[in-house]
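Here is a friendly walk through one protein model. Please keep the sequence and the 3D view side by side as you read.

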Amino acid sequence: MFANLFARRRYYAQLDAQGVCVAVWALSQQPQQGCWVEINELQPRWIGKPLPASARISRRETRASWRMLPA
């Protein structure tokens, strides 16, 4: 019960095909459907506008996501 109270929430923005923000949410994990990007803060003023590049959080790839290329 207490774990849910202290679960870390992350902020995500949903983008359309042109890169315009259509929704912002505070969630515990990234949604699997649609084009969602992690952002550094929850700003409703971004809805309907292109997402500022400074808002995005870039995650470094983990080893599990690395691919081996043929030699």
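The report below covers confidence, the sheet, the core, a salt bridge and a loop.

## The model and its confidence

This is a predicted model, in which local features need pLDDT of at least 70 and side-chain atom pairs count only at pLDDT 80 or more, while totals for chains, interfaces and linings use all residues. Residues are numbered from 1 along each chain as its sequence is written, and side-chain values use heavy atoms, with hydrogens and water left out.

The predictor's confidence in each residue is given by pLDDT, on a scale from 0 to 100. Its mean over the protein is 82, with 72% of residues reaching 70 or more. Helix H1 (residues 2–5) has the lowest confidence, at a mean of 61, whereas E1 has the highest, at 94. Where pLDDT is low, the predicted coordinates should not be read in detail.

## The sheet

Helices (H or I, at least four residues) and strands (E, at least two) are DSSP runs, numbered from the N terminus. Two strands count as paired if DSSP finds at least two bridges between them. Three strands make an open sheet in the order E2-E1-E3, with antiparallel pairing. E2 and E3 are the edge strands, each pairing on one side only. From one strand to the next, the twist averages 30°; here axes are lines fitted to C-alpha atoms, for helices over the stretch in contact, and angles run from 0 to 180 degrees between N-to-C directions.

Six bridges link strand E1 (residues 10–15) with strand E2 (residues 21–27). Along this pairing, Arg10 stands opposite Leu27, and Leu15 has Cys21 as its bridge partner. The two strands form a hairpin with five residues between them, and Gly19 in the turn has a positive phi of about 85°. On the E3 side (residues 35–39), E1 is joined by five bridges, with Ala13 standing opposite Val37.

## The nonpolar core

A nonpolar core is a set of buried Ala, Val, Leu, Ile, Met, Phe, Trp, Tyr and Cys residues joined through side-chain atoms within 4.5 Å. The largest one here has nine residues: Ala13, Leu15, Cys21, Val24, Val37, Ile39, Trp46, Leu51 and Ala55. E1, E2 and E3 are the elements that give two or more residues to this core.

Contact means heavy atoms within 4.5 Å. Apart from neighbours within four places in sequence, Ala55 is in contact with Glu38, Ile39, Asn40 and Trp46.

## One salt bridge

A salt bridge is a side-chain nitrogen of Lys or Arg within 4 Å of a carboxyl oxygen of Asp or Glu, and by this rule the count comes to one. Glu38 pairs with Arg10, their closest N and O atoms being 3.6 Å apart. Glu38 lies in strand E3 and Arg10 in strand E1, so the pair ties together parts that are 28 residues apart in sequence.

Buried means under 20% relative accessible area, exposed over 50% and partly exposed in between (1.4 Å probe, protein chains only). Glu38 is buried, at 9%, while Arg10 is partly exposed, at 30%.

## The loop between E1 and E2

What does Val20 touch, not counting residues up to four places away in sequence? Its contacts are Gln14, Leu15, Gly48, Lys49 and Pro50. Val20 is found in the loop between E1 and E2, and its C-alpha is 5.2 Å from that of Lys49, although the two are 29 residues apart in sequence.

Gln18 lies in this loop too and counts as exposed, at 64% relative accessibility. Gln18 and Pro50 are 32 residues apart in sequence, with 8.1 Å between their C-alpha atoms.
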